[in-house]
Amino acid sequence: MFYTTIGGWMLAYFVKMVKGDFVGADTKQVEAIFGELTSNRNEMLFWMILISVLGLIVCSMGLQNGVEKMTKFLMSSLFVIMLILVVRATTLDGAIDGLKFYLLPDFGKMAENGFKEAVFAAMGQSFFTLSVGIGALAIFGSYIDKDRSLMGESIQIGILDTFVALMAGLIIFPACFAYNVSPTQGVGLVFVTLPNMFNQMMGGRFWGALFFIFMTFAALSTIIAVFENILSFAMDLWGWSRKKAVAVNGIAIFILSMPCVLGFNVWSGFQPLGAGSTIQDLEDFII
């Protein structure tokens with residue numbers, strides 16, 4: 001359910017970029033805009049519900065007319081937008097330092113943090129990005145015609161997924177180094193650091209809107225995939241029609257997404273587990 005909240009943020013930032021909310025804003029003002037978004041319960045709910053409704057509408061149209069057509073459009077548009085941004089980012093002054101940081105391996109850092117940790121981190125990323133944990137590969141794989149090779153499809157997915165991930169890095173890291181921005185700020189990198197970076201670019205409002213619509217496409221395509229898993233489960237297990245599965249699960253998704261939305265504002269003072277909590281602390285809390 002966290003994807004519906006993050007997807008809402010992406011869509012909200014695209015609209016804010018188009019409206020020019022970041023034009024002339026300094027670093028503190030950009031941080032304040034993100035803080036206002038996450039602290040405003042009603043605004044968070046609006047964007048979460050909107051991105052969820054968009055995903056549910058696509059899924060309600062069926063596999064071929066909805067999921068397949070929309071995903072093809074989103075991914076094709078995403079690919080074109082990313083190519084434009086890659087060209088822009090890699091031609092910035094100082095972008096070469098970002099390319100070196102991104103593409104040249106630092107085995108000293110790997111040795112410092114432990115080889116096993118690097119391997120586990122890489123494996124965790126691969127499982128997450130290919131959606132093994134949520135079963136998307138199994139669900140969509142079951143829809144493939146028998147005349148298509150699962151091995152061939154798997155190879156294509158792995159290549160395309162890695163290629164898109166590499167392009168995303170070619171957008172972010174050169175731009176960070178070109179504008180002396182730290183590339184290790186996590187969520188803040190996208191919602192605080194990058195808007196500051198776009199403010200320093202010529203035509204930054206345009207490039208920022210382009211970046212966040214690309215991020216919205218990426219988030220929505222994942223939301224659609226996750227929703228299809230849920231709908232497929234309901235249809236196969238209980239024999240529901242697609243429309244009924246969308247209606248019932250749509251309500252459940254809105255309700256189950258609420259803790260994530262409220263956790264940033266209304267419930268932000270409730271912190272049963274601190275930053276230094278262990279697995280045992282989590283188990284004790286659940287019990």
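Helices (H or I, at least four residues) and strands (E, at least two) are DSSP runs, numbered from the N terminus. This is a predicted model, in which local features need pLDDT of at least 70 and side-chain atom pairs count only at pLDDT 80 or more, while totals for chains, interfaces and linings use all residues. Residues are numbered from 1 along each chain as its sequence is written, and side-chain values use heavy atoms, with hydrogens and water left out.

**View 1. Pro174 in helix α9.**
P174 sits in helix α9, which spans residues 150-178. With a relative accessible area of 0%, P174 is buried (buried means under 20% relative accessible area, exposed over 50%, partly exposed in between, with a 1.4 Å probe and protein chains only). Apart from neighbours within four places in sequence, P174 is in contact with A89, T90, A95, G98, L99 and G169 (contact means heavy atoms within 4.5 Å). E112 is 62 residues from P174 along the chain, and their C-alpha atoms are separated by 25 Å.

**View 2. Packing of α4 on α11.**
Helix α4 (residues 63-90) packs with α11 at an angle of about 150°, and the two axes are 9 Å apart. Axes are lines fitted to C-alpha atoms, for helices over the stretch in contact, and angles run from 0 to 180 degrees between N-to-C directions. The angle makes α4 roughly antiparallel to α11; angles under 35 degrees count as roughly parallel, over 145 as roughly antiparallel, 65 to 115 as roughly perpendicular and the rest as oblique. The crossing of α4 and α11 is left-handed (left-handed if the near helix is turned anticlockwise from the far one by less than a right angle, right-handed if clockwise). Residues of α4 in this contact include L63, V67, M70, L74 and R88, and those of α11 include W207, F211, F214, F217 and E228. By class, the contact of α4 with α11 has 19 nonpolar, two polar and two charged residues. Ala, Val, Leu, Ile, Met, Phe, Trp, Tyr, Cys and Pro count as nonpolar, Asp, Glu, Lys and Arg as charged, and the others, Gly among them, as polar.

**View 3. Packing of α11 on α12.**
Helix α11 (residues 204-238) and α12 cross at roughly 120°, and their axes come within 9 Å. That angle makes α11 oblique to α12. The crossing of α11 and α12 is right-handed. From α11, the residues F227, E228, I230, L231, A234 and M235 meet R242, A245, V246, N249 and I253 of α12. The contact of α11 with α12 divides into eight nonpolar, one polar and two charged residues.

**View 4. Ser257 in helix α12.**
Is S257 buried or exposed? S257 lies in helix α12, residues 242-262, and at 0% relative accessibility S257 counts as buried. Leaving out neighbours within four places in sequence, S257 is in contact with M1, T4, T5 and M48.

**View 5. Packing of α2 on α10, with Val187.**
Helix α2 (residues 27-39) and helix α10 (residues 187-200) have axes 10 Å apart and pack at an angle of about 140°. This makes α2 oblique to α10. The crossing of α2 and α10 is right-handed. T27, V30, E31 and F34 of α2 make the contact with V187, F191, V192, P195, N196 and N199 of α10. Six nonpolar, three polar and one charged residue make up the contact of α2 with α10. V187 belongs to helix α10 and is partly exposed, with a relative accessible area of 47%. Not counting residues up to four places away in sequence, V187 touches W9 and F34.

**View 6. Leu11 in helix α1.**
L11 is part of helix α1, residues 2-19. At 11% relative accessibility, L11 counts as buried. L11 touches W47, L50, I51, L54 and T216, residues up to four places away in sequence not being counted. L11 and L220 are 209 residues apart along the chain, with their C-alpha atoms separated by 9.4 Å.

S149 lies in the loop between α8 (136-141) and α9. At 43% relative accessibility, S149 counts as partly exposed. S149 and A168 are 19 residues apart in sequence and 29 Å apart in space, C-alpha to C-alpha.

**View 7. Confidence along the chain.**
The protein chain averages a pLDDT of 83, and 91% of the residues score at least 70; pLDDT is the predictor's confidence in each residue, from 0 to 100. Over residues 271-287 the pLDDT is below 50, and this stretch has five contacts in the model beyond near neighbours in sequence. Where pLDDT is low, the predicted coordinates should not be read in detail.
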